[in-house]
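Me: Hi! Could you walk me through the structure I'm about to paste? I'll ask as we go.

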Amino acid sequence: QLSCLVRMVTLHGIPKDLDSYPTDLLLFLSPSDYAATGSCVQYFARVGKADLDVLPRESSQRKQLLLDALSCLQIPGTEINEENAEILGHLLCDLGGEYIRGSGGSLLKHLRQCKSFLPDQEEAIRSVISGGNTTFGLPATWSAFTLDELSGLIPVLDHSILQQIPK
């Protein structure tokens with residue numbers, strides 16, 4: 001339905017008021033289509049708010065969105081800073097484990113929004129949390145507030161991490 005809607009909306013060119021359309025619609029446009037109304041950074045900031053699950057997780061279209069976003073934001077390695085994490089939004093949920101490890105604890109609060117993780121991502125999250133080099137500290141120092149902050153990541157935690165958390 002959304003891809004059909006995109007065809008109808010763009011039948012006579014890209015509308016100037018594209019930002020007034022639902023963010024999910026942008027998943028079916030390219031950054032170059034959006035260029036008439038704004039920059040690629042603006043485009044990916046809006047795409048980051050869209051429901052990525054409209055596209056299958058392993059689809060080439062979804063993978064290309066992430067690659068295009070990393071290119072647009074000129075992220076050279078595997079470290080995502082706070083500003084870029086905000087822009088990427090839900091696109092962060094598709095980052096490989098190397099990005100999660102490379103960014104350390106800075107991505108954890110953003111990753112809790114993800115509905116599911118691939119095994120590589122889960123391992124990277126556990127590795128970062130076990131290292132304790134995050135704003136949350138080592139699991140042995142966590143409180144109920146910390147667990148609330150990490151709520152979306154709790155299913156990823158393994159027994160070795162869970163047993164360290166104070167009762």
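Me: Where does the largest pocket lie?
Reply: Domain 1 (1–74) and domain 2 (97–166) both give residues to the lining of the largest pocket, so it lies between them. The domain bounds come from an automatic or database domain assignment. Do keep in mind that this is a predicted model: local features need pLDDT of at least 70, side-chain atom pairs count only at pLDDT 80 or more, and totals for chains, interfaces and linings use all residues. Residues are numbered from 1 along each chain as its sequence is written, and side-chain values use heavy atoms, with hydrogens and water left out.

Me: What counts as a pocket here?
Reply: On a 1 Å grid over the protein atoms alone, a pocket is an open set of points where a 1.4 Å probe fits, with protein on both sides within 12 Å along at least five of seven lines; lining residues have an atom within 4 Å of a point.

Me: And what volume does the largest one have?
Reply: Its volume is about 230 Å³. Volume here is the space filled by probe spheres set on the grid points, which are joined across faces, edges and corners.

Me: Which residues should I look at in the largest pocket?
Reply: Of the 15 lining residues, Lys63, Leu66, Asp94, Leu95 and Gly96 lie nearest the centre. The lining takes at least two residues from each of α4 (60–72), α6 (97–103) and α8 (119–131), and α4 gives the largest share, 5 residues. Helices are DSSP runs (H or I, at least four residues), numbered from the N terminus.

Me: How does that lining divide into nonpolar, polar and charged?
Reply: There are 6 nonpolar, 2 polar and 7 charged residues. Ala, Val, Leu, Ile, Met, Phe, Trp, Tyr, Cys and Pro count as nonpolar, Asp, Glu, Lys and Arg as charged, and the others, Gly among them, as polar.

Me: What about the second largest pocket?
Reply: That one has a volume of about 180 Å³. Its lining has 13 residues, with Asp53, Arg62, Cys93, Cys114 and Lys115 nearest the centre. They divide into 4 nonpolar, 3 polar and 6 charged, and each of domain 1 (1–74) and domain 2 (97–166) supplies at least three of the lining residues.

Me: Switching to cysteines: how many disulfides are there?
Reply: The whole structure has 2 disulfides, a disulfide being a pair of cysteine sulfur atoms within 2.5 Å. One of them joins cysteine 93 to cysteine 114, S to S 2.0 Å. Cysteine 93 lies in the loop between α5 (82–88) and α6, and cysteine 114 in the loop between α7 (108–111) and α8, so the pair ties together parts that are 21 residues apart in sequence. With -90° about the S-S bond, this link is left-handed.

Me: And the pair with cysteine 40?
Reply: Cysteine 40 bonds to cysteine 72, also with sulfur atoms 2.0 Å apart. Cysteine 40 is in helix α3 (residues 40–47) and cysteine 72 in helix α4, so parts that are 32 residues apart in sequence are tied together. The torsion about their S-S bond is about 90°, so this disulfide is right-handed.

Me: Is cysteine 72 buried or exposed?
Reply: Cysteine 72 is buried, with a relative accessible area of 14%. Buried means under 20%, exposed over 50% and partly exposed in between (1.4 Å probe, protein chains only). Cysteine 40, at 29%, counts as partly exposed.
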